[in-house]
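The stops below go from the whole chain to single residues.

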Amino acid sequence: MLIDIHSHHFHIQPCRKELLNLQAASLADARASMLTYENNRFLSLGIHPWDASLWCLDDIPALNSFFSDHRVLLIGEIGLDKASSVSFDLQKNVFEAQVRMAEQIRKPVLLHVVRAMSEIFEIKKVHQSVPAWIIHGFRGKKQTTEQYITKGFYLSFGAIFNEGGLLACPIDRMFFETDINTEDIELVYERAAKVLDCSVFELESQVEKNFNSVFNK
Ligand SMILES: [Zn+2]
């Protein structure tokens, strides 16, 4: 089964396990999205750093009932983005509030990180019970890959990735995603398999193993 760890679209393809991402712009929005996708078994939910200013910090704990829902496998995408106009301090507060919740309910986090690697490393150090940290849409080169891998992160590669970065990522730390693209996830696997000089089937089996180890299934 081809796993798409982060998707903003329903692709409606057989033999795919797709984690549909729901972005929470508000509590009402999170509630409505959860109802819309009532029958979807694989979801990720979180406040994107770009949406941080839409939230009052006191309201964030109320997301717990949605984060705890069995269909929500990942808390995300959450993170830090220095290229965004949203105040970085605010982003940090909103991010850490969600990381604390992920830690309490023992769910992995899916991260959007732009020019904030060292801050992410600091925050990860403090929240060691989060079961897994996955960087989404990873496009880093070899050196950045090595830095993340040394710190215990998983990396998720999408339609565009750096070949040296992919080659430097151990196979037991990688995922693939379509993100906002409407193309089939198989095309991402095909591109990666070519770079890694293996078959799509081998990659598919490895990512299934990675998925099972992250989600304890
Ligand atoms: Zn995304």
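**Whole chain**

Residues 24 or more positions apart make up 62% of the contacts in the protein with a separation of 6 or more, where contact means heavy atoms within 4.5 Å. This is a predicted model, in which local features need pLDDT of at least 70 and side-chain atom pairs count only at pLDDT 80 or more, while totals for chains, interfaces and linings use all residues. Residues are numbered from 1 along each chain as its sequence is written, and side-chain values use heavy atoms, with hydrogens and water left out.

Colour by secondary structure to show 8 helices and 8 strands; helices (H or I, at least four residues) and strands (E, at least two) are DSSP runs, numbered from the N terminus. The radius of gyration of the protein is 16 Å, close to the 17 Å from the globule rule for 217 residues, so the protein is as compact as a globular protein of that length. That radius is taken over C-alpha atoms, and the rule is 2.2 Å times the number of residues to the power 0.38. The C-alpha trace spans about 50 × 40 × 30 Å along its principal axes.

Of the 217 residues, 52% count as buried, that is, under 20% relative accessible area with a 1.4 Å probe, protein chains only.

**Helices α3 and α4**

Select residues 88–105 (α3) and 117–126 (α4): their axes come within 11 Å and cross at roughly 30°. The axes are lines fitted to C-alpha atoms over the stretch in contact, and angles run from 0 to 180 degrees between N-to-C directions. Show side chains for F88, K92, F95, E96 and E103 of α3, which meet E119, I120, I123 and V126 of α4.

**S44**

Next, select S44 in strand β3 (residues 43–46). Is S44 buried or exposed? S44 is buried, at a relative accessible area of 0%. Beyond residues up to four places away in sequence, S44 touches H6, L20, N21, L22, L74 and G76.

**T178**

Finally, go to T178, in the loop between β8 (174–176) and α7 (185–196). T178 is buried too, with a relative accessible area of 2%. Which residues are in contact with T178, leaving aside neighbours within four places in sequence? They are D4, H6, S7, H11, E183, D184 and I185. Keep H6 selected: H6 is in contact with T178 and is also touched by S44.

Conventions:
Buried < 20%, exposed > 50% of the residue type's maximum accessible area, 1.4 Å probe, protein only.
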